[in-house]
Amino acid sequence: MIEAMGVKPAERDKHWSRFEDKLRRKLGKGRDVESDEEMSKLVESLQRAYRDRSLKGVDQQLRNAFLGHVASTKSFSQDDYQNQKALADLRYPTEWFPATRKMQRKIILHVGPTNSGKTYHALKRLEQAETGAYAGPLRLLAHEVYTRMNAKGAACALITGEERRRPPGEDRPKLTACTVEMIPLHMTMDVCVIDEIQMIGDLDRGWAWTQAVLGVQAKELHLCGEARTVPLIRELAATMGDEVEVNTYERLTSLEMDTRHIGYDFKNLRKGDCIVAFSIMEIHALRQTIMKQTGKKVAIVYGSLPPETRAHQARLFNDPNSGYDILVASDAIGMGLNLSVKRIIFASIHKFNGFEHVTLSIPHLKQIAGRAGRYKTAHEANKEAEKAPQNADAVDASGTILDDFASEQQSDAPNSETEQFEFAEPPPGGGLVTTLEKAHMRYVSKALKDEPEAIKTAGLFPPDPIIERFANYFPPGTPFSYVLLRLHDISRVHKRFHICVLKDQLSIADTIQAVDGLSVLDRITFCAAPANLKTDKDREVLLNLAKCVAEQKNGNLLDIEGFDWTLLDRPISANREYLHKLESLHKAIVLYLWLSYRFSGVFATRALAFHAKTLVEQAIEATLNELTRTRFSLQYLKEKQREQQKQQQREQFRDELLSAELSDEASQGDEGDNIISGGSLYEQADVLDGAEEGEAVRPVEVEHEPALDNTEDDGAEPADLPGLKKIEARKRDELDPEPDASTLDVNEVEEFLESEDSETNLQNDDANTNTARSS
């Protein structure tokens with residue numbers, strides 16, 4: 001990328017020497033050295049990167065900082081720098097929506113714990129409105145509202161990133177159900193309902209809720225969620241001149257900790273039980289084990305299932321006469337699905353968030369646990385929705401592959417003992433919460449009693465016009481990923497906001513950097529796309545899609561290279577490589593559909609893409625079922641969970657020991673006795689469905705090929721820098737190190753960051769300023 005900026009190798013080495021010298025002086029003398037503003041910010045960003053992603057994060061941050069150093073010394077005048085800072089002033093986001101500021105809105109907060117009826121009351125008001133919208137965090141929730149509203153005779157459209165639906169015979173329906181990122185900001189309406197408002201504090205997607213609250217042109221804005229959002233919403237409303245009304249709800253049923261854990265004798269389960277696990281393979285393993293032990297049907301719900309399949313499985317579980325008395329699910333159920341759950345059972349209190357195993361945060365755990373207590377009530381609430389007519393383009397989920405497989409298992413697995421088995425009826429009263437493992441009971445019990453801190457900041461992300469204008473200050477060939485990072489780093493925000501993290505945007509920007517002919521707006525659009533970049537094949541698909549846009553050539557789905565359609569001709573088998581390829585193909589088709597709504601003149605075969613998507617989803621379900629047929633060792637599941645717990649304890653002990661070595665005795669306190677964790681930055685950023693990125697559970701005894709392993713790394717290693725020694729760095733075609741150049745040892749960086757991070761943490765503990773992790 002340095003070469004793309006017009007920098008020759010000799011000039012590059014001079015830039016690196018100056019950059020390294022400034023960084024060495026800062027690392028060697030810490031806060032006592034006088035350095036420029038950019039170097040001070042770099043050290044702060046290195047500390048954050050080291051804390052969040054260890055040396056891999058430091059490598060990435062150093063790479064990007066060096067690109068910024070080269071760009072700034074090559075092309076930025078003092079006037080340019082001042083103009084950039086002015087453009088990156090994001091302290092007054094309310095001014096981004098002048099049409100909305102002309103309105104006198106009424107913000108009505110519906111707050112309370114789960115199962116308190118807050119969303120129900122908001123939706124009742126939406127039903128009565130002449131025009132309105134519902135915005136939720138998941139496509140499944142938008143689909144549920146879309147179905148219910150049409151069942152009640154209120155014409156409602158569905159709008160998500162990759163799908164648009166209208167009720168039959170309605171060209172302009174009065175209501176819209178959408179995901180929060182797709183909420184119509186330029187439409188005047190009577191009522192707008194925004195669900196799960198606590199997501200406004202999320203470090204990844206929080207910007208979408210902030211944008212909706214600040215920008216929706218609705219006379220009545222109904223916000224549903226947790227009570228810890230009230231102070232922040234009052235502050236935002238005061239800056240906009242909006243009236244605020246707060247409606248507080250109490251749980252309709254009690255929620256208590258059960259007296260004992262469940263263990264692995266699943267005949268102890270009762271009707272209405274839901275086991276929550278955090279990897280797809282563990283979900284299938286638990287489901288299969290329960291079916292083998294009891295001979296009974298088990299419903300299954302997790303994020304990567306098609307929404308129609310998930311909705312059908314939920315209806316089967318909710319129906320007391322269906323025979324599906326038990327549900328095994330991911331943490332996706334915590335986001336408002338209406339399920340008849342009596343007892344939540346945590347299979348684990350740790351989840352893999354794409355970077356590391358983390359302990360469930362208190363808000364996340366309480367959100368999931370709160371689903372308990374609706375036994376035999378959700379079924380009645382859903383009766384009208386089930387009568388809704390199916391659209392012609394909707395997938396018929398009445399007879400899914402999962403159900404066929406369950407029927408097969410039901411006929412094959414039971415013996416004379418299990419044929420007579422029946423799950424016990426749950427006791428009267430409210431919801432219950434427990435765990436599979438006895439060791440997890442204490443954590444869950446304490447978390448249910450603790451109150452999470454109030455949300456102190458709302459997420460922000462620079463709007464597209466600001467990014468476009470900011471990019472114009474850079475010379476042609478400047479990596480777009482650096483433009484985004486530069487804007488991210490110098491942005492100024494008010495204390496009630498935080499800048500959302502750059503997650504996949506940087507990888508997407510680097511993948512399509514070499515494509516000529518893309519405008520800045522094109523690159524901004526691609527960086528927002530749901531692209532999967534785990535394999536070379538995934539990157540090839542993205543690159544070819546970008547070339548179609550740049551060259552304005554035929555974007556017929558079957559003509560684009562990279563889509564492996566031969567997968568659909570292969571026989572279904574329990575093969576992990578085959579499943580990986582199917583998942584990649586499915587994500588590539590979703591990406592095509594998403595782009596077809598932004599570049600409709602290029603990607604015109606949308607109907608074909610929907611048909612292909614359905615075929616791939618069926619193949620994925622069939623493959624997962626083949627994997628489920630594989631005999632999983634229950635003992636292996638137990639050992640895996642115990643090993644994860646031991647690993648967490650070892651890491652905690654290591655961190656405490658390091659803290660003790662670097663801190664004074666007076667600052668140590670009794671933090672080591674507290675096992676409650678607030679979660680990690682990335683756990684908060686990916687809170688919706690841990691099962692989609694969780695590590696796979698391998699089978700011990702198999703009938704076919706081994707089931708899924710987590711064998712892939714989520715991110716590529718950053719490129720080498722001149723003279724920078726790296727640990728396990730991959731060879732890339734970017735900046736080649738000079739063997740004779742003076743090196744900046746990674747150990748120096750690590751040693752400094754550990755000491756700086758320790759000192760910073762001691763100061764921040766008393767001031768309680770780390771608001772980004774408060775949620």
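**Entry 1. Helices α16 and α17**

I looked up where α16 touches α17: on the α16 side I466, I467, F470 and A471 make the contact, and on the α17 side F480, V483, L484, R486, L487 and I490 do. By class, I noted nine nonpolar residues, no polar ones and one charged one in this contact. The model I am reading is a predicted one.

I then took the geometry. The axes of α16 and α17 are 10 Å apart, at an angle of about 110°. I recorded their crossing as right-handed.

How many of the residues of α17 are buried? I found nine of eleven buried in this helix, residues 480–490, and wrote it down as mostly covered. The buried ones are F480, S481, Y482, V483, L484, L485, R486, L487 and I490.

**Entry 2. Helices α16 and α19**

Next I checked α16 (residues 464–471) against α19 (residues 520–527), and read an angle of about 130° with the axes 10 Å apart. I therefore listed α16 and α19 as oblique to each other. The crossing of α16 past α19 is right-handed. From α16, the contact uses D464, I467, E468 and A471; from α19, it uses V520, L521 and I524. I sorted these contact residues into five nonpolar, no polar and two charged.

**Entry 3. Helix α5**

I moved to α5, residues 118–128, and asked which of its residues are buried. I noted K118, A122, L123 and L126. Viewed down the axis of α5, the buried residues stay within an arc of 120°, so I marked them as lining one face of the helix. On the face turned away from that buried side I found the exposed residues Y120 and Q128.

I also looked up what covers the buried residues of α5. The cover includes the strands β1 (106–111), β2 (132–136), β5 (175–179), β6 (189–194) and β7 (218–225), and also helix α6 (139–151).

**Entry 4. Residue N247**

Last, I looked at N247, which sits in strand β8, residues 243–248. Its relative accessibility is 21%. Buried means under 20%, so I put N247 down as partly exposed.

What does N247 touch, leaving out residues up to four places away in sequence? I listed I108, L109, H110 and V111.

Definitions and conventions: Residues are numbered from 1 along each chain as its sequence is written. This is a predicted model: local features need pLDDT of at least 70, side-chain atom pairs count only at pLDDT 80 or more; totals for chains, interfaces and linings use all residues. Side-chain values use heavy atoms; hydrogens and water are left out. Axes are lines fitted to C-alpha atoms, for helices over the stretch in contact, and angles run from 0 to 180 degrees between N-to-C directions. Helices (H or I, at least four residues) and strands (E, at least two) are DSSP runs, numbered from the N terminus. Angles under 35 degrees count as roughly parallel, over 145 as roughly antiparallel, 65 to 115 as roughly perpendicular and the rest as oblique. A crossing is left-handed if the near helix is turned anticlockwise from the far one by less than a right angle, and right-handed if clockwise. Contact means heavy atoms within 4.5 Å. Ala, Val, Leu, Ile, Met, Phe, Trp, Tyr, Cys and Pro count as nonpolar, Asp, Glu, Lys and Arg as charged, and the others, Gly among them, as polar. Buried means under 20% relative accessible area, exposed over 50%, partly exposed in between (1.4 Å probe, protein chains only). The arc is that of the directions from the helix axis to the C-beta atoms.
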